[in-house]
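Subject: Handover of a structure

Hello,

Please find the structure below. My notes on what was found in it follow.

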Amino acid sequence: MAEVNLLRSLPQTKRNVQKRADAKDPEVVAIAKKFDQEYWDGDRKYGYGGYRYDGRWRSVARDIVAHFKLAKGMRVLDVGCGKGFLVKDLMLECPGLEAFGLDISRYALMHCDKDVVGRLHLGSADSLPFPDGAFECVLSINTIHNLPRPRALVALQEIQRLCAGRAYVQVDSYHTPQEKAAFEDWVLTALFHDYPDAWRKLFAEAGYTGDYYWTIV
Ligand SMILES: C[S@@+](CC[C@H](N)C(=O)[O-])C[C@H]1O[C@@H](n2cnc3c(N)ncnc32)[C@H](O)[C@@H]1O
C-alpha cells in the first residue's frame, strides 16, 4: 500500500473557487449529484462545463501501466470511468490490454468515446458486478468520495475483492483548515471527505491494501 500520485502528469486545472461558491445553492448541488447532462456538458457551475476527449489522460495511463506493470492480456477496471477516456488511453498506451469501466452515470456511458463502446458497465462502485479476482488491476479516480462513508467502505472492499489490492484510489482530501475551506466552497457531489489520516483509517477498516492519493482543491 503506497501513497503515490499517479495523476501527477495531468495539467493543473484552473479552478475559480469563488465563482463556484457564489453559484452554488441547493438546487445546483442537487442537479450536479444526478451526474446527468448538466454535470458533464452543462454550465461549469454544475460540474465539468463540457467534457470532451482531448488526450489529457494519456500520460496518466502511461504512468499507470508502468506502475502496475500492465501488459497485453491483463484486465483493468476503472470504477467511476465517466465517458471512458482513461479506459481508451490505457488501451492506446498498452496495446492488447483489456480495459473496462463502470459508472453510475447513464449519460456518461451514452456519450462515451466510440473506442470503448461495449467496455463500460452501468453500476455503482459499492456493488461491482464481477467475480472475485476478475481484474489484474482496479482504478477509481475521484469517485469513492461520492458515496457516504459506510458505502465508501463497501466500495473499497469491492475493489479489494476484484484485484487483491493491485489498485489505485484517488479521493478528495485536504491537509490544512485553509485547504478544507477551499474544498468546501468548491465541492458539489462528494458525500464523504476528510483529512488523509481519516481516509487511511477507512482504508484499514475496509481491508483495502491498494495504493492511493488525494485530490486537493
Ligand atoms: C469527478 S468524476 C470522475 C470521473 C473520472 N474518474 C475522472 O477522474 O475524470 C466522478 C465520477 O464518479 C461517478 N460516480 C458517482 N457516484 C458513483 C457510484 N456510486 N458508482 C460509480 N460511479 C459513480 C460519476 O458519474 C463520475 O463519473
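**Notes on the structure**

Asn142 is partly exposed, with a relative accessible area of 29%; here buried means under 20%, exposed over 50% and partly exposed in between, using a 1.4 Å probe and protein chains only. This is a predicted model, in which local features need pLDDT of at least 70 and side-chain atom pairs count only at pLDDT 80 or more, while totals for chains, interfaces and linings use all residues. Residues are numbered from 1 along each chain as its sequence is written, and side-chain values use heavy atoms, with hydrogens and water left out.

**Two positive phi angles**

Asn142 sits in the loop between S4 and helix H7 (149-163). Helices (H or I, at least four residues) and strands (E, at least two) are DSSP runs, numbered from the N terminus. The phi of Asn142 is near 55 degrees, a positive value in a residue other than glycine. Most residues other than glycine have a negative phi. Ala164 is not a glycine either, and has a positive phi of about 50 degrees. Ala164 belongs to the loop between H7 and S5 and is exposed, at a relative accessible area of 64%.

Six strands make up an open sheet with parallel pairing, in the order S3-S2-S1-S4-S5-S6; two strands pair if DSSP finds at least two bridges between them. At the edges are S3 and strand S6 (211-215), each of which pairs on one side only. From one strand to the next, the twist averages 20 degrees. Strand S5 (residues 167-172) and S6 run parallel and are joined by five bridges. In this pair, Asp172 stands opposite Thr215 of S6.

Helix H5 (residues 85-93) packs on the sheet, where it touches strand S1 (75-79), strand S2 (98-103), S3 and strand S4 (137-141). Contact means heavy atoms within 4.5 Å. The direction of H5 makes about 175 degrees with that of S2; axes are lines fitted to C-alpha atoms, for helices over the stretch in contact, and angles run from 0 to 180 degrees between N-to-C directions.

Why is H5 described as largely enclosed by the rest of the structure? Seven of its nine residues are buried. The buried residues are Phe85, Leu86, Val87, Lys88, Asp89, Leu90 and Met91. Their cover includes helix H4 (58-67), S1, S2, S3 and S4.

Asp113 lies in the loop between helix H6 (106-110) and strand S3 (120-122) and is buried, with a relative accessible area of 13%.

**Cysteines**

There are zero disulfides, a disulfide being a pair of cysteine sulfur atoms within 2.5 Å. For Cys112, the closest cysteine sulfur is in Cys81, 8.3 Å away and too far for a bond. Cys163 is in no disulfide, and the nearest cysteine sulfur, that of Cys137, is 6.6 Å away. Cys163 counts as buried, at 5% relative accessibility.

**The ligand**

Around the ligand are 19 residues, of which Gly80, Asp103, Ser124, Ala125 and Ile141 come nearest; a residue is near a molecule if one of its heavy atoms lies within 4 Å of it. A nitrogen atom of the ligand is 2.9 Å from a polar backbone atom of Ala125. An oxygen atom of the ligand is 3.2 Å from an N or O atom in the side chain of Tyr48. For the side chain of Tyr51, an N or O atom is 3.4 Å from an oxygen atom of the ligand. A polar contact is a pair of N or O atoms within 3.5 Å; within protein, one must be able to donate a hydrogen and the other to accept it, and residues adjacent in sequence count only if both atoms are side-chain atoms.

Regards
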